[in-house]
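Visitor: Please show me the structure, and then let us go through some questions about it.

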Amino acid sequence: MRKIDLERAFPQTPTGFHQSVEQTLLNLKEEPMKKSALRVVMLAALITTLLAGIAYAVIQYGQEWYFDTRFTNFQNHKPEEYRAIVDGLQKDLPYQVTGPATELVELQVLDAAWAPEKSIATLSLLAFARDEGGYELHDLQEMDTDGALVGRIDPDDEESRMDHWLWTTKGFGLPKDTMIHPEKQLLLINNWGEIFIGESDTALPMGSSDSFTTSDGPVMSVYMFDLDLLDSAAIDAMIDLENVPEGYDKTEYNNMQKETLRWLKERGAKAAQAIIENTDDEGFLSLRYLFSVQTFQDNSFGEEIPGEIRFKVKIR
Amino acid sequence: MDAKTFSQGVLKIERSLFRIAYTYLGHEQDCADAVQDALIISWEKRHTLRQPQYFGTWLTRILINCAKQRLRAQRPNHELADTYPAPQEDTVENLALKMALENLPLKDRIPLILFHLDGYSVKEVSNILHLPQGTVKSRLARARMKLKEALKVEEVLVHAQN
């Protein structure tokens, strides 16, 4: 028997592909790449809406609701962090939403917590379709969650499909079958982003995020931030220089880990400095977040429409 | 991780990134765009990579997400077959292998490539694809069997050296 060399089935790496990679890496060196920064440029027609205090909020949503209904493990596994969050929840925070996306969705800051003693900060947002009679809003991550979407139908794979499927409380299938109100137009919000400090391109160090469509309709997003990543000593404790994984040269591995340490500390110091520079005399830290929405119809996505939300969280 | 270390890590697995993008998207420009998306996202999110030895699996996972995003954006009848480039050497044998590989369901083909070509372990493939290790093993076994049947030869696949 002889070895099948799968490599033979693939074409050579195209020159254009290699150039594209090199160019991307080159830009990376020249300036920090911010896809989101490109989106800011696209905000040509800013529509500014001051939403603070609008009596539209569905008050039952918030982090207390979230931890009690969706993420109930957290209070069991990290009870001290949980208490620090819920005991320190800040509500009615001032915020401002701008950008073309505001024509289609209303985004609200529900609540936030800043608990440096437990190295954690949290934020929750809620998004509604502005025209609830015309649009049904869902989180973009709820499309095609099963990985069976392919570019072309495979006759040998009965699961392969080219139609986009949407996950809702009605099940998983074609949007016309799973939308709660299929007569409406499907609108998707992309909440997969970072929270930037002030006007800088430095982000708060994200620990995790969760975004989902609630059974009542709004899309809720909850973000958790790891404040240890602002602290040089805490970063030291995260990186293990002693236990070298199998197959690694110790010196090479240590050099890599030291480089990671250096980078994490540099980034942490930058974020910590940005926090100082963007906190006002009353102790409110300015933050901003970029999101986008797009319609979906006839198995096709509409243009990505950007939006931005600016808000303040009390940190001292 | 600084830009230099990041770039070195990317260039080290550039071929692997191309193969994965190519397997999902086929078209050269789509592959380049998906990898560019993945590089930008991974650079922005590099702080989430705590252990540098997982750079390859981490970036591959991000690339797969980006490739799927691009698939989502494509029109339903987007035809890729004509755009698939020929193998490195356009021999009958290589074309048969290419065809056999492309006839595998994507869900079996990706683990096969990650394991047998890119040298990831079953555990790493399971992490990249967010699948249980048992599922990865069964998909690998099925893919190998289908490939051997399609090629009608007594050949074996060996695990690539990472």
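Visitor: How far apart are the end C-alpha atoms of helix 3 (residues 28-44) of chain B?

Guide: This is a predicted model, where local features need pLDDT of at least 70, side-chain atom pairs count only at pLDDT 80 or more, and totals for chains, interfaces and linings use all residues. Residues are numbered from 1 along each chain as its sequence is written, while chains are lettered from A and ligands numbered from 1 in the order in which they are written. Helices are DSSP runs of H or I with at least four residues, numbered from the N terminus, and the expected span is 1.5 Å times one less than the number of residues. For the 17 residues of helix 3 of chain B that gives 24 Å, which agrees with the distance between its end C-alpha atoms, 24 Å.

Visitor: How many residues of helix 3 of chain B are buried?

Guide: A residue is buried if 20 or more other C-beta atoms, placed from the backbone, lie within 10 Å of its own. Helix 3 of chain B is mostly covered, and its buried residues number 13 of 17.

Visitor: What is the angle between helix 6 (residues 106-117) and helix 8 (residues 133-151) of chain B?

Guide: Axes are lines fitted to C-alpha atoms over the stretch in contact, and angles run from 0 to 180 degrees between N-to-C directions. Angles of 65 to 115 degrees count as roughly perpendicular, and helix 6 and helix 8 of chain B are therefore roughly perpendicular to each other. Their axes are 8 Å apart, and the angle is about 95 degrees.

Key:
Helix = DSSP H or I, 4+ residues; strand = E, 2+ residues; numbered from the N terminus. Buried ≥ 20, exposed ≤ 12 C-beta atoms within 10 Å, placed from the backbone. Parallel < 35°, antiparallel > 145°, perpendicular 65-115°, else oblique.
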